[in-house]
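Dear colleague,

I am handing over the structure below, and after it I set out what was found. Please read the notes with the model open beside them.

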Amino acid sequence: MRVLKFGGSSLASAERFVQVAKIISDQSNDSPVAVVVSAPQGVTNHLVAMAENISDEIKLQNDLEHFRKAINSIIEDLDATVPNFSPLHAEQMLVNWDHKLSRYLQGATMLSYCPDHIRAIIISIGERLSVALLESVLNTQNIETSVLVPENFLITNDASLNAVADLVLSKENFQHHYKKLNKVALMPGFIGVNKQGQVTTLGRNGSDYSAAVLAVCAQADCCEIWTDVDGVFNADPRLIKEAKLLDYLSYQEAMELSYFGASVLHPKTIGPIAQFHIPCLIKNTGNPSAPGTLISNEDDKTKKVKAISNLDDLTMINVSGPGMKGMVGMASRVFATMSQENISLVLISQSSSEYCISFCIHTSDAELAQHSLQQEFELELLNGLLEPLKLQHELSIVSLVGDGMHHQQGVAAKFFSSLAQARVNVIAIAQDSSERSISVVVEKRKCTDAMKVSHQNFFTHKPTIDVFLVGCGVVGSELIAQIARQQPKLKSQNISLKVYGIANSKGMVFNKEGVDLENWQAEMNNESVLVSVESIKAFVRDNHLINPVLVDSTSSESLAMSYVNYLEEGFNIVTPNKKANTDSWEYYQALRSAAQKTNRRFLYETTVGAGLPVIDTLQSLIKAGDELVRFEGVLSGSLSYIFGKLEEGMTVSQATAIAKENGFTEPDPRDDLSGMDVARKLLIMAREAGMQLELSDISIESILPEDFDASGEVSDFMNNLPKIDDEFSQRITHAKSEGKVLRYIGNIVDGQCKVAIEAVATDHPLYSVKEGENALAIHSRYYQPLPFVLRGYGAGAAVTAAGVFGDLLRTLAWEQQH
């Protein structure tokens with residue numbers, strides 16, 4: 001025999017009843033089946049509400065009408081859609097139980113109190129009606145059924161609303177009452193009876209437990225739990241989209257998962273089937289061909305972490321004080337008090353000094369627990385032996401589960417590293433000696449973050465980059481295009497990179513599914529919000545993003561001066577904006593301190609060499625113990641282009657106009673020709689080498705003479721620029737007469753920084769640098785007399801965006817190290 005249990009979601013409508021009947025018919029062809037049913041979805045809620053609101057006549061009548069309507073609706077739909085369906089049996093059962101329900105409610109109303117054993121009868125009516133409905137549907141298929149009455153055999157203790165079955169006695173009674181059954185037997189779940197003959201219930205969602213008890217009593221070959229999902233997943237698929245179906249769990253693993261929040265199984269279900277070694281199969285009513293999840297004691301040779309689960313709406317109570325230490329019996333009094341109030345302890349943690357005992361309970365029990373403990377320890381609290389009870393609400397437990405965890409080294413370290421990566425504070429820790437599970441208590445608001453990162457690191461191994469781009473001009477637009485083009489490559493490397501927000505001068509537009517990179521301009525017409533730490537942080541929090549990256553492709557000083565705030569809120573920062581790194585030395589240090597404190601990345605490779613790995617190279621040399629002796633470089637792609645054209649015979653004004661037209665210069669070429677852009681790059685290099693300098697310490701020779709009028713609009717400036725052509729032509733001619741060319745070079749020598757126009761000979765490493773190239777010569781202790789030279793294109797949106805893209809991918813480095 002096989003026991004099949006169908007939950008409320010599997011019996012939510014007439015269509016579902018027909019679906020269940022088809023499954024039963026198919027299953028009974030192979031072997032006899034005993035079917036346990038829950039109440040149709042939502043019905044028990046109305047019955048519970050009636051039992052709890054007997055003094056509210058309006059609400060009572062409202063719930064009674066909802067109850068009647070729910071059952072009648074299923075009967076009417078079955079009558080209309082199922083050939084040969086007879087509604088008489090189901091209707092008569094509804095009338096009978098409706099009459100009994102009215103009498104019970106009337107009596108309870110007169111008493112202004114509903115005794116628990118009467119409440120048990122009321123709230124279990126839905127299961128009895130499910131049997132009648134299913135029996136009527138099966139009759140249309142000429143399937144003869146037997147009805148199993150729980151009161152005949154399923155003996156429990158006296159806990160009317162959360163009873164525990166006596167398996168031995170129940171098994172004896174079953175074998176006595178049901179020696180012979182039809183091929184299909186039906187039984188209402190959730191119901192038992194105590195030794196006094198009073199109806200009990202097995203706890204909310206206790207029909208799973210009913211099925212397990214029946215499987216024991218009937219000595220079933222298998223207990224199948226049919227629900228609305230394909231089986232047990234390695235995480236809650238409502239929280240983790242990438243959750244995967246598990247094909248197998250041991251009894252112990254299933255027990256841990258059900259206890260710590262996996263809703264597919266009732267926690268009490270596992271005990272009976274594990275004790276009697278009955279395999280349990282979790283199946284989907286809506287997808288009966290799916291293999292499901294098998295729970296048994298077979299040897300699982302994979303030996304690995306199986307799943308991660310969460311349990312919400314918990315409260316932690318701390319009992320602490322000097323009276324705890326060395327006092328025998330204090331812990332037992334705490335737990336005895338909870339036991340007397342029938343309060344379940346979900347997790348217990350005790351300090352090694354015995355100063356504090358902490359335990360988690362369901363928040364619904366918190367007020368009762370606090371009152372009971374205050375009564376029990378009234379004298380100790382009054383005399384200062386115990387500190388005032390501390391209750392912490394809005395908590396969750398996240399548990400890592402797997403029989404094979406003790407075979408894998410570093411599981412706990414990886415788990416806690418994942419929590420740190422998600423910026424989740426651990427409030428308490430618990431681990432059993434079998435090493436089958438590790439549980440941590442965290443704030444409920446951070447539970448999903450903890451689940452996502454842990455699942456990513458243990459199961460999917462698919463790191464994420466969650467981008468918020470500020471500035472969608474030339475570089476920003478090119479970056480978006482590159483990210484879009486690289487999606488197939490990223491997917492092949494198992495990397496998820498999504499742009500969740502794009503900002504222009506009007507504000508930022510968000511998309512919780514990720515901006516459509518092929519049509520992002522259209523999305524910019526959507527409603528936008530002001531770019532701020534608060535607005536982006538709120539979006540990250542609400543959507544549980546775990547690796548947020550702010551990409552600043554503007555030249556905004558105000559945004560650059562807010563980087564510390566973003567870092568402190570858990571953002572990585574990637575930017576070609578030089579303003580932050582060239583502000584005061586104090587702010588430069590604050591940026592690095594914030595990044596280190598929060599384990600976030602502040603990446604700015606493109607601030608000096610665009611796509612060239614200048615910063616990374618210098619940092620690597622210094623970390624390896626090298627020292628910068630001297631530095632010289634052509635640090636501006638636009639000036640490299642302009643000076644190359646001068647070498648070919650163009651004038652300054654002609655070369656600048658062509659460079660501007662090709663997009664090599666800033667929109668306002670004065671930003672390039674002033675030398676300030678190169679000075680900022682040189683300052684960054686100097687600071688990376690450990691020099692404590694300010695921008696004012698840089699000696700700057702502007703390409704524009706001091707007496708040149710550079711005021712007005714860009715067009716005015718460009719019209720005036722030919723006035724310096726003759727002066728420059730003389731310098732070019734003089735340099736050529738000496739076999740040299742002019743280059744705009746940044747130098748660091750003896751701790752002094754200078755940017756200037758220099759005439760360099762053919763043996764100089766920067767002699768041939770032109771056409772928009774950048775080139776840097778690093779003279780160090782290790783690299784001399786020949787310098788370490790980096791050379792490549794340093795102008796244009798494509799190379800700059802490529803450098804930013806590279807930095808984006810480097811934000812994964814911290815995750816991969818942990």
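Helix H28 (676–688) gives the most to the lining of the second largest pocket, with 4 residues, where helices (H or I, at least four residues) and strands (E, at least two) are DSSP runs numbered from the N terminus. This is a predicted model, in which local features need pLDDT of at least 70 and side-chain atom pairs count only at pLDDT 80 or more, while totals for chains, interfaces and linings use all residues. Residues are numbered from 1 along each chain as its sequence is written, and side-chain values use heavy atoms, with hydrogens and water left out.

The second largest pocket has a volume of about 970 Å³. Of its 34 lining residues, the closest to the centre are Val475, Lys578, Glu666, Pro667 and Asp677. A pocket here is an open set of points on a 1 Å grid over the protein atoms alone, where a 1.4 Å probe fits and with protein on both sides within 12 Å along at least five of seven lines, and lining residues have an atom within 4 Å of a point; points are joined across faces, edges and corners, and the volume is the space filled by probe spheres set on them. Among the helices that each supply at least two residues of the lining are H16 (474–485), H25 (637–647) and H31 (797–810). By class the lining divides into 9 nonpolar, 16 polar and 9 charged residues, counting Ala, Val, Leu, Ile, Met, Phe, Trp, Tyr, Cys and Pro as nonpolar, Asp, Glu, Lys and Arg as charged, and the others, Gly among them, as polar.

Turning to the helix pair, the axes of H3 (residues 57–81) and H4 (residues 88–111) come within 11 Å and cross at roughly 170 degrees, with axes being lines fitted to C-alpha atoms, for helices over the stretch in contact, and angles running from 0 to 180 degrees between N-to-C directions. H3 and H4 are therefore roughly antiparallel to each other, a term used for angles over 145 degrees. Residues of H3 including Leu60, Phe67 and Ile71 meet residues of H4 including Leu94, Leu101 and Leu105, where contact means heavy atoms within 4.5 Å. The contact of H3 with H4 has 9 nonpolar, 3 polar and 3 charged residues.

E18 and E19 run antiparallel and are joined by 4 bridges, and a hairpin connects them through 2 residues, whereas E21 (residues 572–574) and E22 pair in the parallel sense over 2 bridges.

Another open sheet, also of 6 strands, has the order E12-E13-E11-E14-E16-E15 with antiparallel pairing, and its twist averages 30 degrees from one strand to the next. Within this sheet, 7 bridges join E11 (residues 307–320) to E13 (residues 356–362), and methionine 316 stands opposite cysteine 360 in E13. Helix H11 (residues 330–340) lies across E11, E12 and E13, running at about 10 degrees to E13.

Two backbone details remain. Most residues other than glycine have a negative phi, and most peptide bonds are trans. The peptide bond from glutamine 784 to proline 785 is cis, with omega near 5 degrees, and proline 785 lies in the loop between E27 (773–780) and E28 (788–793). Serine 112, in the loop between H4 and H5 (116–123), has a positive phi, near 55 degrees.

Best regards

Methods:
Angles under 35 degrees count as roughly parallel, over 145 as roughly antiparallel, 65 to 115 as roughly perpendicular and the rest as oblique. Two strands pair if DSSP finds at least two bridges between them.
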